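Please open the structure in a viewer and keep the selection tool at hand.

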Amino acid sequence: MDEAGSSASGGGFRPGVDSLDEPPNSRIFLVISKYTPESVLRERFSPFGEIQDIWVVRDKHTKESKGIAFVKFARSSQACRAMEEMHGQCLGPNDSKPIKVFIAQSRSSGSHRDVEDEELTRIFVMIPKSYTEEDLREKFKVYGDIEYCSIIKNKVTGESKGLGYVRYLKPSQAAQAIENCDRKQPSEFTSFDKNDNRGQEAISKRLSVVSRVPFTEEQLFSIFDIVPGLEYCEVQRDPYSNYGHGVVQYFNVASAIYAKYKLHGFQYPPGNRIGVSFIDDGSNATDLLRKMATQMVAAQLASMVWNNPSQQQFLFGGSSGTQLPQIQTDVVLPSCKKKAPPETPVKERLFIVFNPHPLPLDVLEDIFCRFGNLIEVYLVSGKNVGYAKYADRISANDAIATLHGKILNGVRLKVMLADSPREESNKRQRTY
């Protein structure tokens, strides 16, 4: 997104109005003509649902419209449907310029990333362990057209974890599923089925984060803002140890669940795995401190194991040879393939952007070589970007189609075409 992205995340709200981000994604950002009055916006957007507020952004000095406006709806599905049907439309016979309509970025987010399509169309659900993907599709197809369903399973046993994803074709369909399940059928969206006998841990919107290495609030925010819906984070100091401990809170339970299962065990900084768990809102201070101490020990032991191949062999079996990089993602990756010889001519070069930080080189090589014909992957020193060189254009295009916009090991990737091979060959080779 161009100017819309920065404006949407930079204070698009009317001062004095409360709960602008409740429910999440219920506010739309408009790029319109400077001469469009508020009355026309209300007339054109009211058919989509209850409008709680309209704000046309004006110059502080001249009071003239800047061609930017916000419309706050009562429900997320209303805002999403307005975006789907009004983006690219003209508002009136005297206004021939098509308008732009986007979901506005949450005010609580300190980043400037776009509200991307996958964030709006994919929902994270808690389901009975007995559910199959067919059961999941059957249950949720009532809300709209489903692109795919997937169930998160234990990598060792293959058993369902009682968690899954449903991705719809339209954001409004996903919003309706969340609204209906969260309100009418909580056992199938925000909690486990009553007949499920799994040992449950307390589920809440608040997460406890522990680390052997201290971290700042800025670092904590950059990690957990990967998951949409972050409300606030806070670093808590322990005077008796050097451990890092923080509390993270999301606007909704679903985001907290997604963050817990996505980021628990995530390495930050590389070599140090963080522990993430739910905070029981009803627990007292003593219970919380006891839980903190347990988490710290667990985090330290986990880090020792994952960074010591001999201990991995002792605990999990297998040979003591080179350990494959650990990749945590819900993306379906092909199997590993051999790299192309270093002297192979470059047919396509990809530009990679990392948020919030680059992935280790061994992980990158493991990921990008799976599409075949990879010559080299490297990082630009001091930047959150890198490049991948391929000897075949089809392999490069497959990498873009599979990885662009996806999250691997807690890092969101943007993968796109870089300079053409001819431009590449004419440039002086740089060493990083």
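Begin with what covers the buried residues of helix α12: it includes β12 (348-355), α11 (361-368), β14 (385-390), β15 (407-408) and β16 (411-417), where contact means heavy atoms within 4.5 Å. Helices (H or I, at least four residues) and strands (E, at least two) are DSSP runs, numbered from the N terminus. This is a predicted model, in which local features need pLDDT of at least 70 and side-chain atom pairs count only at pLDDT 80 or more, while totals for chains, interfaces and linings use all residues. Residues are numbered from 1 along each chain as its sequence is written, and side-chain values use heavy atoms, with hydrogens and water left out.

Next, select α12 itself, residues 393-403. Its buried residues are Ser-395, Ala-396, Ala-399, Ile-400 and Leu-403; buried means under 20% relative accessible area, exposed over 50%, and partly exposed in between (1.4 Å probe, protein chains only). Seen down the axis of α12, these residues fall within an arc of 140°, so they line one face of the helix. The arc is that of the directions from the helix axis to the C-beta atoms.

Asp-392 caps the N-terminal end of α12, with a side-chain oxygen 3.0 Å from the backbone nitrogen of Ile-394. Just after α12, Gly-405 takes a positive phi of about 80°.

The remaining stops are salt bridges, of which the whole structure holds 9. The term denotes a side-chain nitrogen of Lys or Arg within 4 Å of a carboxyl oxygen of Asp or Glu.

Select Lys-389 and Glu-376, whose side chains meet in a salt bridge (3.7 Å, N to O). Lys-389 lies in strand β14 and Glu-376 in strand β13 (residues 374-379), so the pair ties together parts that are 13 residues apart in sequence. Lys-389 is buried at 5% relative accessibility, whereas Glu-376 is partly exposed at 32%.

Move on to Glu-179 and Arg-75, which form a salt bridge at 2.8 Å, N to O. Glu-179 belongs to helix α6 (residues 171-184) and Arg-75 to the loop between β3 (65-73) and α3 (76-86), so the pair ties together parts 104 residues apart in sequence.

Finally, select Arg-42 and Glu-38, a salt bridge whose closest N and O atoms are 3.8 Å apart. Both lie in helix α2 (residues 38-45), 4 residues apart, about one turn of the helix.

Technical notes:
Polar contact = N/O pair within 3.5 Å; in protein donor to acceptor, adjacent residues only side chain to side chain.
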